[in-house]
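Here is a short tour of a model, going from its strands to its rings. Please keep the viewer open as you read.

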Amino acid sequence: VADGLPRGPAHAPYTGGGEGAPRGELVLRGGDGRFIYASISQTVVRAGDKLRTRSVVRDLTSQHEWAEALKRSRLRFQRLFADAPVGIALLGMSGCIEEANRALGQLLGTTATDLIGRALADFVIGEDRDQVGTHIAEAASGRAARPVDVRVLAPRETWASLFISRLAGH
């Protein structure tokens, strides 16, 4: 080994980690039985004729708990979105559908996947399309959402109330 220090589990349990000290993550069990998620970076140094290790241990438990809570929240939202009994779509600034749920696909006589990339206005009767465009522009500028009733092109002409609003942060 180039630096003359032996490698192996007794001296360097982590291999890799990029530049600097080898590092890794592991789960420890605390005295109270709780699991602690930790990041350890370790450097092996020679001190005279002895080897020593310098280790930095970071408690990652709170970050791990936040990540798990975020994951659960995303899963709940995805289920709510997918299984909602009303049609829901996320539109881009151009008015094209980026995501849609099953109920919207059923309302429009297609699948949610087939709606992706298509303009919402394409599913509205010609005379009502201007209202949709105006409504999208108002929502994009951050103005308060208000419902608008339009006739949609579905297997049969159907009235629908559109509620278009801008998502916070977008």
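Which residue in β3 is the bridge partner of Ala 38? The partner is Asp 59. Before going on, a word on the source: this is a predicted model, in which local features need pLDDT of at least 70 and side-chain atom pairs count only at pLDDT 80 or more, while totals for chains, interfaces and linings use all residues. Residues are numbered from 1 along each chain as its sequence is written, and side-chain values use heavy atoms, with hydrogens and water left out.

**The sheet and its helix**

Strand β2 (residues 35-47) and β3 run antiparallel and are joined by ten bridges. The open sheet has three strands in the order β1-β2-β3, with antiparallel pairing (strands are DSSP runs of E, at least two residues, and helices runs of H or I, at least four, numbered from the N terminus; two strands pair if DSSP finds at least two bridges between them). At the edges are β1 (23-29) and β3 (50-59), each pairing on one side only. From one strand to the next, the twist averages 40°. Helix α1 packs on the sheet and touches β2 and β3 (contact means heavy atoms within 4.5 Å). The direction of α1 makes about 140° with that of β2 (axes are lines fitted to C-alpha atoms, for helices over the stretch in contact, and angles run from 0 to 180 degrees between N-to-C directions).

**The aromatic pair**

One aromatic pair turns up in a search of the whole structure. The ring centres of Phe 77 and Phe 81 are 5.9 Å apart and the planes lie at 35°, so the pair is tilted (rings of Phe, Tyr and Trp, the last by its six-membered ring, pair if their centres lie within 6.5 Å; planes under 30 degrees apart count as stacked, over 60 as edge-to-face and the rest as tilted). Both residues lie in helix α1 (residues 61-83), four residues apart, about one turn of the helix.
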